[in-house]
Structures are given as C-alpha cells and as structure tokens.
Amino acid sequence: MMRQDSNDDEVSLFDAEEDTGKKLKTTKIKHPVASFFHLFFRVSAILVYLLCELLSSSFIACMVTIILLLSCDFWTVKNITGRLMVGLRWWNQVDDDGQSHWLFESRKGKHPASDSESTIFWLGLIVCPIIWVIFAFSSLFSFRIKWLAVVIMGVVLQGANLYGYIRCKVGSQTNLKNMATNYFGRQFLKQAFAKEEVS
C-alpha cells in the first residue's frame, strides 16, 4: 500500500491556492439575511397571486396581501438589499427651491460585491418584473380585469426598482448616450479598417 503524505495537500502550485482563496471570498454570500429577504417578498407576492383563489375566496384579502408584500419588497430592495448586496442605491431629494432631484450612486473600490450575491440580486431584480408583465397580459387576455390593478402594481413597483438600479449601474442618461455613441463609433472604425485591409 502506498501512503499519501499529508503535506502534499498543502503545496501551492503557481499561487493557485491564493487565487482560489480570493475567488471563494467573492463568491461567498456575505449578507445571507439580505439575500433571503431580497427574494422572499418577491417570490411570496408571486406565489400569493398564483394560489390566492385556491386559498381564499376573498379578493380583497388577496389583493391587500399581495400589495403589502410588493410594498415590503420595494422598500427592502430599494433601501437595504441594493446597498448591501451590490453597493448601489438611488433616491429622490427635494432641494430648498422645491426642485426634485433623482440621485443614483454606486460604491466604488474597497468592498466589491460578491459574485453570488450580485447574481441573486440581478436575477431577482430582472426575472420578477418579467413575470408580473406576463401576469398582466394573461389577466388582460383572460378578462380577469379585477386582477389587472394588482398586477399593474407589481409591474410598477418592481419595474421602478429595476429602472433605478440600472441607472445606478450604467450611470445617467448622458452617460448612456455617450456609451452608445462610443460603441457605434468603434464599430464603424473597425469596419472601415477591415475594408481597407481587404483592399
């Protein structure tokens, strides 16, 4: 029988151990409670919408429950999970003149968001509004008009968070225009140089 030396497991080849250590730190969920509540209110509102006619005969009770869950989700995502999980936040500020200003911030630098938390945050933020849009079309085409108001609340509240965090991620509208202009300019130059090389 061959005996394996216990020191062989501790040998680091080409600093691979340090790289995996860094990777583990960025993929570990740093804020499990925030991650749980980021998805809990969203998924609960969707489940209550899907199952409420089976569980309760009262439309008002179902509607109030769904709107409370959507409101809790909006507040939690806007004020807590966005800041903790991905380092983004947005809000409205009114100055002394009464002018309303929307502010979008992103954390730069020393505490990067973990990959797993970022994935949980963005998947929950993108998938759930899409589901509410599907519910809107299904309630419209199935003539369940009384549910349309509830579904529109879901689209508006979760869509507002999605829009706010996308603005935080990519910047202001002028930055979006500049990014699009730069992208199309680079594509044009690449095509022009490619045609010159072929000629």
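H3 and H4 run roughly antiparallel to each other, since angles over 145 degrees count that way and this pair packs at about 150°. Keep in mind that we're looking at a predicted model.

| Helix pair | Residues | Axis distance | Angle |
|---|---|---|---|
| H3 and H4 | 59-86 and 115-141 | 11 Å | about 150° |
| H2 and H5 | 32-55 and 145-170 | within 12 Å | roughly 170° |

Back to H3 and H4: their crossing is left-handed. On the H3 side, the contact is made by Ile66, Leu70, Val77, Thr81, Gly82, Leu84, Met85 and Val86. H4 answers with Glu117, Ser118, Ile120, Phe121, Trp122, Leu125 and Trp132. By class, that contact of H3 with H4 splits into 11 nonpolar, three polar and one charged.

Now for the other pair. The axes of H2 and H5 cross at roughly 170°, which makes H2 roughly antiparallel to H5. H2 brings Arg42, Tyr49, Cys52 and Glu53 to the contact, and H5 brings Trp147, Val151, Gln158 and Asn161. Sorted by class, the contact of H2 with H5 holds four nonpolar, two polar and two charged residues.

What about the cysteines? Searching the whole structure turns up zero disulfides. For cysteine 62, the nearest cysteine sulfur belongs to cysteine 52 and sits 3.6 Å away, while a disulfide needs the sulfur atoms within 2.5 Å, so cysteine 62 is in no disulfide. Cysteine 62 counts as buried, because its relative accessibility is 6% and the cut-off is under 20%. Cysteine 72, with a relative accessible area of 34%, is partly exposed.

How values were computed
Residues numbered from 1 in each chain as written. Predicted model: local features only at pLDDT ≥ 70, side-chain atom pairs only at ≥ 80, totals over all residues. Heavy atoms only, no water. Axes fitted to C-alpha atoms, helices over the stretch in contact; angles between N-to-C directions. Helix = DSSP H or I, 4+ residues; strand = E, 2+ residues; numbered from the N terminus. Parallel < 35°, antiparallel > 145°, perpendicular 65-115°, else oblique. Contact = heavy atoms within 4.5 Å. Nonpolar A, V, L, I, M, F, W, Y, C, P; charged D, E, K, R; others polar. Buried < 20%, exposed > 50% of the residue type's maximum accessible area, 1.4 Å probe, protein only. Left-handed = near helix turned anticlockwise from the far one by under 90°.
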